[in-house]
Amino acid sequence: MARNDGGDVRLPPLFETRTAKGRAAYKFFCFTIFVGIISIWLYRFIHFPAAAAAAGKSAWLTISAAEVLFGLYWIFTQAARLNVVYRFPFKHRLSQRYEEELPLVDVFVCTADPTLEPPLLVVDTILSVMSYNYTPEKLGIYLSDDGCSELTFYALVEASEFAKRWIPFVKKHNVEPRAPRVYFSREIDSDEPNFVHEWTIVKDLYEDMKSRIDSSVAKGFVTEEIKYEHKGFSEWNSNTTKNDHHSIVQILINGWDPQGIFDVDGNRLPTLVYLSREKRRGWQHNFKAGSMNALIRVSSEITNAPIILNLDCDMYSNDPDAIRDALCFFLDENQGHQISYVQYPQRFSNITKNDIYANEPRATFQIELAGLDGFGATLYIGTGCFHRRESLSGKNFSYEDRKIESNSVKETKKIRSIEELELGPKTLANCSYEKDTLWGKEMGLVYGYPVEDIVTGLTIQCRGWKPVYYNPTKHAFLGIAPTTLDVALVQFKRWSEGLFQIFFSEHCPFIHGFGKIKLGAQMGYCIYLLWAPCSLPILAYVFVPALCLLHDVPLFPKVSSLWFVPFAYVFAARTACSLIEDLISGSTVKGWWNLQRMWLIRRTTSYFFALIDTIYKKLGLSETSFVLTGKVADEDLRTRYEDEIIEFGSSSVMYVIIATIAIVNLLSLVYGVFKNVIFSGFNGLIGVFTGQMIVCGIIVSLNLPVYEALLMRRDKGSIPSSVLVKSLVITSLACLIPMF
């Protein structure tokens, strides 16, 4: 129970925190695994090849080091599982208590390239957040266009007109989802005549808008006839380019203007603002972090909402009540004053049944991130996050700040005209504004890292604020996941590189967070910050046992030996635990298997190249480069993705590594089975090479789609023959390496 402002009346909380069941049993389970890990380390130490002429000393040392690193990393991962908590907001209590005093909310949507992020996709996200079940006057929607594209601006102009019919339609009939592209792609969900009639009208209007936007995008420019209809196009001229232009601020809808724009039912619409911050050659623009910081400043002069929601441009709102859920945390009388942000998991609308690329790791969302929340270490992942403006702007937490105030029109816009509201914030978006200021350091998002969101969240927590992770049953936001292996791997390469840079910086959780956040929180962050170096032990395990098997060098105890028990137990226990976690989180057995495959592929490619590039940066050398290009027709690619066929289709060096691992382990497995099972019988089956054959067998099983893409497929998504040739050459050379 909580005390309200009256002082005596105690009110029920606006949200509840429940601890996951079975903690004691899980701790005991972890203890048994830890004993197994220690036993493995002890075996490696006791049975180190002592003879001067003994083969495999280097291999033994390598595999021992890998197992030590695996064990230490496993200890870090348990920080995210020993204190799992779940949050449950109560929207009905919020409405009963604060309906007339709900605060303003600003929504930031960021886009950067009209080619990679089509304007129609951006419009879908904008319209979905404009349609929230929230007082329109209290909503401010901001689109930051770092591409400074008149095509994106034109799409937003079209959206502002379509919103006059779309918003009253979805609210009147309570339809979902409220992203028109997604909604109209589904079958009509009612046969009531009046609804069907209105649905048809709105759909026709949407198709007309879509046709006009697509036509302009196809041409690559906006016609003069269209430009004449809106004054905002005058901001563009022949000298305007993506990387060289002045600040542009355009208010398309002023939600508080009594003489402003209304929908067809006479209701006000949310404020809608277009921003393209100034860019000049020679100035650092700091990518998305710079865009977000410009939005924070510009919005402070227009709506200045105390709550900010930031979204990627491809992530539409799937729950029209998401704002109310988030406000339950911020407005709770007992704990709300300390909450800095409410982070939702990053879900996707185009995930296949078994999630072929493991884009949506369900156990991570359901268990791991909830466990970090238990230590107050909720990760800020850059999208789907509600922020308290003052915490995002650099303010330290203070117990004196107890309540978020409800803004009003008089407090924010007063009597300023749209022209004044547009002109004033422009200087706040100029390149030179941040010079010699604390922006990017102690204010706003932190600069200097490819993953500015993670380091910003850590910095906010170190100022005393407490974030919250909320994973609702109904997904609040849905984005678009990568549909090719190329894109998925390059994405993880960028993330893991940025995360590792944080670990080797002043923002390392053990340094920056010392004495400010809990040890469990520091360890929890390192689960992700150490992705890149985790590539080394897994690379050792996929190559060394296989090559030693080819050279008849044993690395594991006999199956009949008691020393084999800890190896078998740790592997079986961890595998069973991982499978159970995925199944109870809503995944499938095949989905879990796909996750294991992607876990192997990412660690041996994306994470490995991230490690190399981080080292290169430290040495001042050039980085590796991966260019993504369209290799197949969109329809063909979509069909293969829906059929859950892995899309390769290029000669990337990452695919050479994947193919080499697959071939080396297949060759070693065949050799081991023939020599130690077929020719040696039962004794060979329980001999010293059984462990290595098991390792090779698992890797071969995971790589079945790779063999298919190498040898059997003939579509454009298969692995090119050049990759096969390179892999065979590397495999031949690897097999010649003596096992010292």
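1. A nonpolar core is a set of buried Ala, Val, Leu, Ile, Met, Phe, Trp, Tyr and Cys residues joined through side-chain atoms within 4.5 Å, where buried means under 20% relative accessible area with a 1.4 Å probe and protein chains only. The model is predicted, so local features need pLDDT of at least 70 and side-chain atom pairs count only at pLDDT 80 or more, while totals for chains, interfaces and linings use all residues. Residues are numbered from 1 along each chain as its sequence is written, and side-chain values use heavy atoms, without hydrogens or water.

2. The largest nonpolar core holds 75 residues, of which W166, F386 and F477 touch the most other members. Helix α5 (residues 150-173) gives the most to this core, namely 13 residues; helices are DSSP runs of H or I with at least four residues, and strands are runs of E with at least two, numbered from the N terminus.

3. Beyond its neighbours within four places in sequence, F386 is in contact (heavy atoms within 4.5 Å) with residues including I307, F330, Y344 and F477.

4. F477 lies in strand β15, opposite S317. Strand β15 (residues 477-479) pairs with β10 in the antiparallel sense over 2 bridges; pairing requires at least two bridges found by DSSP. The open sheet has 3 strands in the order β10-β15-β12, with mixed pairing. Its edge strands, β10 (316-317) and β12 (347-348), each pair on one side only.

5. Helix α24 (residues 653-678) packs against helix α27 (residues 704-712) at about 100 degrees, with the axes 10 Å apart. This makes the two helices, α24 and α27, roughly perpendicular, a term for angles of 65 to 115 degrees. Axes are lines fitted to C-alpha atoms over the stretch in contact, and angles between N-to-C directions run from 0 to 180 degrees.

Notes:
Parallel < 35°, antiparallel > 145°, perpendicular 65-115°, else oblique. Buried < 20%, exposed > 50% of the residue type's maximum accessible area, 1.4 Å probe, protein only.
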